[in-house]
Amino acid sequence: MRRTGRLLLVGAVALSLGVAGTVYAYAGGWTVTSAPTRFTAKVVKMPRGVEPSVTKQSGQAVVSWSAQEIAPGVRMDHYLVVAHSVAEPPQPDVTRAVAAGGSTTESVTFGTGEMAGGKWRWTITPKYREWTGEPSKLSPRLAFPAAPAAPADPAVIAAPAVPPASPSVSAPTPEAGDTSTAPVPDVRTSPASEPENVPAPPRSSTPVEEEPDLGPDPSVSASPEGPTSPVAP
Amino acid sequence: MSKRWWIAATSAAALAAALIVAVGSPDNPDETIVLVGDSHHRGGPLYFELKGKPVRGLFPGAVKQMKISVVNPLGYRITVHRLTAKVSDTDRRGCSATAANLQVRSYSGRLPVTVAASGRTELGGAIPVSMPIGATRKCAGARFTIAISGVGQRVPR
């Protein structure tokens, strides 16, 4: 009888444990998982640069373009501005990395020393961090006269001959030919500086300063028009 | 001897039946039906579903929040205890699915979350998806695949 009781006890405990475990699993310990799920995360594309507008100011090329965004509210941090020589023989391209200024319009100036004696068109390439977009379409062309021999008088070097036009000029002309500021009624330089100009209708809305700015421009490294210009005070 | 075994087996069965009654499972017919009768999962694993909208507009330095909803097709409440996410693939050669190009962080909300039987719950938190500043430029325009999985439990009544 004692042996029977022991067997009963062992069997009951074993069976109870099994049944209790099963009941626990069904009642509250049952793990469920999600079905395999995949989501997509899309990365933006780098935009193509916007075609810049170019103007001549005091023998320099002023290139301006609209700021671009990589995402709504996030502007590009840099732009690559490349001046492509379209003269024969071609000159080496001139590249500028321009940090974005934060405004809606960006601009950069190419000095006369870089542009002299060439015909140029520009492209804009947006950059964000390490990413680079596609270059823009080529801008209209600007032609620059060849640089004359270096003047002997250093004071002449610092004096730009052509009065700078207003910086508000920026809209590119619809033609693919040269684009420049409104014609400047300066007989001293106009014929020499614009030999390649396609006869485009003058933009009468472009204001032009009549008084020559005789102060030195820090971005100008040399002035090919120097010998014919009035000497700066 | 066989009589003793018979007594032992009968006693054990009686104890097990008593234990089942004590836990209360038999008086809950819903659970029994779900366990054996769900037409969508008969004979197969039981799953809940995770749904969400694709993330768009990623760029270097950007952090986007991936909102997740839990859909429970099962006939009983569940609690979701854990969500895990992993970048699994991209559609661009040269833009690998690594942490150097895209990172997913831990779910930002509180867990566990209870989802009603045959119910749907949008989770309060989100899974942050970020693109490192140094992500390769070859990832521009790429589409990443993010695998998300969850683990939960059936809620006892």
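This is a predicted model: local features need pLDDT of at least 70, side-chain atom pairs count only at pLDDT 80 or more; totals for chains, interfaces and linings use all residues.
Q: Why is Lys67(B) called partly exposed?
A: Lys67(B) has 15 other C-beta atoms within 10 Å. A residue is buried at 20 or more such atoms and exposed at 12 or fewer, so a residue in between is partly exposed. The count of 15 for Lys67(B) therefore places this residue in the class partly exposed.

Q: How far apart are the C-alpha atoms of Lys67(B) and Leu123(B)?
A: The separation of these C-alpha atoms is 7.1 Å, while the two residues are 56 residues apart along the chain.

Q: What is the secondary structure of each chain?
A: Chain A has four helices and twelve strands. Chain B has two helices and eight strands, and its pattern along the sequence is α-α-β-β-β-β-β-β-β-β.

Q: What share of each chain is called buried?
A: The term requires 20 or more other C-beta atoms within 10 Å of a residue's own. Of the 233 residues in chain A, 32% are buried. Of the 157 residues in chain B, 27% are buried.

Q: Which strands of chain A form an open sheet, and in what order?
A: Three strands form this sheet in the order 3-4-9, with antiparallel pairing. Neighbouring strands are turned by 25° against each other on average, direction ignored.

Q: Why do strand 3 (53-57) and strand 9 (105-110) of chain A stand at the edges?
A: Each has a single partner strand, so one side of each is left without a neighbour in the sheet.

Q: How do you know that strand 3 and strand 4 (residues 60-66) of chain A pair?
A: Two strands pair if DSSP finds at least two bridges between them. Strand 3 and strand 4 of chain A have five bridges, in the antiparallel sense, and the pair therefore meets the criterion. Within strand 4, Val62(A) is the bridge partner of Thr55(A).

Q: With which strands does strand 7 (residues 78-85) of chain A pair?
A: Strand 7 pairs with strand 8 (residues 94-99) of chain A in the antiparallel sense over six bridges. Here Ala83(A) has Val94(A) as its bridge partner. Strand 7 also pairs with strand 10 (residues 119-128) of chain A, in the antiparallel sense and over eight bridges. In strand 10, Pro126(A) stands opposite Tyr79(A).

Q: How many residues of chain B are in contact with chain A, and which elements contribute?
A: In chain B, 55 residues are in contact with 38 residues of chain A. The elements of chain B that give two or more residues to this side are helix 1 (2-23), helix 2 (29-37), strand 1 (47-52), strand 2 (55-58) and strand 8 (143-154). By class, this side of chain B has 36 nonpolar, twelve polar and seven charged residues.

Definitions and conventions. Residues are numbered from 1 along each chain as its sequence is written. Chains are lettered from A and ligands numbered from 1 in the order in which they are written. Two residues are in contact if their C-beta atoms, placed from the backbone, lie within 7 Å. Ala, Val, Leu, Ile, Met, Phe, Trp, Tyr, Cys and Pro count as nonpolar, Asp, Glu, Lys and Arg as charged, and the others, Gly among them, as polar. Axes are lines fitted to C-alpha atoms, for helices over the stretch in contact, and angles run from 0 to 180 degrees between N-to-C directions.
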